[in-house]
Amino acid sequence: MTQKIVIVGGGAAGLALASRLGRKFGRSKQLEVCLIDKNTIHIWKPKLHEVAVGVIDQSIEGLQYRDHGLKNGYQYIRGSIENCAPDQKCIYLAPVLNDDNEVIIPQRKIEYDYLVLALGGVSNSFNTLGAEKNCIFLDSLESANRFHDKLLDALLQLNETQTHLSIGIVGAGATGVELAAELHHVIESVTQYGYTNISKQHLEIHLIEAADKVLPQLPEQVSFRAQAVLAKLGIKLHLTVQVKEVTKAGFITAAGETINANIKVWAAGVKGPKVLENFSALPITARNQIEVDHYMKVKGIDNIYALGDCAQLILDTGKPVPPRAQAAAQMAETLFKNISAQMKQQPQKAFVYKDYGSLVSLSRFSAVGNLMGNLRTGTFFVEGHLARLMYISLYQRHLISLYGWFSAFVYRLAQRLLRWKRPKLKLH
Ligand SMILES: Cc1cc2nc3c(=O)[nH]c(=O)nc-3n(C[C@H](O)[C@H](O)[C@H](O)COP(=O)(O)OP(=O)(O)OC[C@H]3O[C@@H](n4cnc5c(N)ncnc54)[C@H](O)[C@@H]3O)c2cc1C
């Protein structure tokens with residue numbers, strides 16, 4: 001009988017895995033591959049800040065799971081997992097509600113032979129008072145859209161009143177830095193679209209970070225350079241500043257100061273999604289992540305795997321695999337190879353994390369980062385257009401895992417052509 005593999009979460013890890021398994025085993029019915037996601041379209045998460053500011057339009061650049069599944073040999077089910085019962089080899093999907101909160105599909109039970117959880121992560125407020133209520137957490141498509149709507153309202157108001165718009169971002173990791181730089185350039189662009197009363201003087205962007213530098217996880221030179229670029233763009237950096245409370249008006253720091261902000265974004269820390277608190281049968285860490293071994297198998301549970309940001313895999317160095325797109329892609333690649341090996345009754349290989357370095361986009365025109373050389377050369381620093389090209393190539397690699405080489409090339413070309421003719425900003 002054909003075995004059924006159910007993958008929950010169609011992000012950087014889950015969608016790459018479903019696509020490759022579907023093409024290799026799903027089309028030929030050697031495996032039944034099923035992908036479940038709460039959304040109907042996929043946007044690569046490192047592009048969320050671009051959705052938030054309107055540089056990309058999800059209705060054009062988003063991948064439709066249903067269509068993609070049809071063409072790539074997997075079945076897509078729309079739904080949000082709410083629990084799993086490993087002893088019965090099944091998961092439960094929450095009831096689907098319409099806009100009036102009426103149940104249109106009741107709770108569903110989905111059975112599996114193998115289950116892969118790839119639910120991603122969410123920003124970590126570290127229980128900061130008022131953060132959940134007053135901040136947008138830029139960690140999902142819904143939150144990126146919410147930010148976009150708020151930004152459009154604020155721009156409309158600003159154009160009429162010419163008062164002042166202040167945007168505060170907590171966390172100067174990749175997400176915070178990329179969002180701040182992109183926002184700066186958006187304000188430069190909106191004047192072309194009739195917002196003629198808006199200028200840079202009307203906007204303040206605050207980037208607040210508890211560490212003493214931006215991009216604290218990255219090498220000194222990368223932080224230093226990014227910091228210089230942000231300062232040049234006029235972004236106000238608040239380093240070694242701890243946010244103690246968030247109110248409607250802004251951020252209150254541990255030193256008792258207030259940083260006023262009309263729009264407040266929380267982009268610090270990563271933890272597993274809240275829903276994992278329900279998964280009492282699985283080993284869940286204090287950060288809501290699922291503990292997995294070097295084969296991404298959930299510790300102590302048969303036939304369940306976890307990948308990407310929702311998983312905690314401790315490397316031989318004693319450190320966890322970082323919550324990054326390259327790690328999610330590598331985990332998906334290893335699990336794909338191991339499932340393929342299992343189909344041929346060959347031995348499986350343990351996951352080895354390769355850090356290829358990090359690239360941080362400083363809007364459409366530039367990027368900064370470090371790339372890993374070999375043992376002799378160590379890491380080397382890149383910036384400007386070259387770094388930007390490399391940054392784009394990361395997305396290209398993601399597309400290749402989703403479509404295969406040829407289709408990824410055609411898709412990207414089509415995107416470029418559309419971008420040429422389309423408005424540069426989504427202003428609706
Ligand atoms: C703004 C931003 C910029 C970033 N930039 C970079 C970068 O430059 N480089 C880098 O390496 N990393 C970057 N990251 C981190 C990177 O995006 C993540 O590490 C990566 O996407 C993790 O992949 P994943 O598959 O684990 O989760 P995700 O890609 O987040 O996918 C999770 C999927 O699960 C679905 N899902 C969630 N809950 C449920 C549920 N209950 N039921 C069903 N489906 C569910 C979601 O809809 C989503 O499709 C960035 C992150 C953000 C937010």
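Predicted model: local features only at pLDDT ≥ 70, side-chain atom pairs only at ≥ 80, totals over all residues.
View 1. Residues are numbered from 1 along each chain as its sequence is written, and side-chain values use heavy atoms, with hydrogens and water left out. Strands here are DSSP runs of E with at least two residues, helices are runs of H or I with at least four, and both are numbered from the N terminus. Two strands pair if DSSP finds at least two bridges between them. β6 and β7 run antiparallel and are joined by four bridges. In their hairpin, four residues lie between the strands, and lysine 89 takes a positive phi near 50 degrees.

**View 2. The open sheet has the order β6-β7-β10, with antiparallel pairing.** At its edges are β6 (81-85) and β10 (108-111), each of which pairs on one side only. From one strand to the next, the twist averages 25 degrees; axes are lines fitted to C-alpha atoms (for helices, over the stretch in contact), and angles run from 0 to 180 degrees between N-to-C directions. Look next at strand β7 (residues 90-93), which four bridges join to the antiparallel β10. Here cysteine 90 stands opposite glutamate 111, while leucine 93 has arginine 108 as its bridge partner in β10.

**View 3. Tyrosine 65 and tyrosine 76 form a stacked aromatic pair.** Rings of Phe, Tyr and Trp (its six-membered ring) pair if their centres lie within 6.5 Å; planes under 30 degrees apart count as stacked, over 60 as edge-to-face and the rest as tilted. By this rule the count comes to four aromatic pairs. For the two tyrosines shown, the centres are 5.1 Å apart and the planes 20 degrees apart. Tyrosine 65 belongs to helix α4 (residues 65-72) and tyrosine 76 to strand β5 (residues 75-78), so the pair ties together parts eleven residues apart in sequence. Tyrosine 65 counts as buried at 2% relative accessibility, as does tyrosine 76 at 7%. Buried means under 20% relative accessible area, exposed over 50%, and partly exposed in between (1.4 Å probe, protein chains only).

**View 4. Helix α6 covers residues 141-161.** The expected span is 1.5 Å times one less than the number of residues. Among its buried residues are Leu141, Phe147, His148, Leu151 and Leu155. After α6 comes glutamine 162, with a positive phi near 50 degrees.

**View 5. The charged end of lysine 47 sits over the ring of tyrosine 395.** The distance to the ring centre is 4.6 Å; the rule asks for NZ of Lys or CZ of Arg within 6 Å of the centre and within 35 degrees of the ring normal. Tyr395 is one of the buried residues of α10, which also include Tyr391 and His398. Glycine 404 follows α10 and has a positive phi near 90 degrees.

**View 6. Serine 358 lies in strand β25 (residues 357-361).** At 11% relative accessibility, serine 358 counts as buried. Its side chain makes a polar contact with the side chain of arginine 324 (2.4 Å). Such a contact is a pair of N or O atoms within 3.5 Å; within protein, one must be able to donate a hydrogen and the other to accept it, and residues adjacent in sequence count only if both atoms are side-chain atoms.
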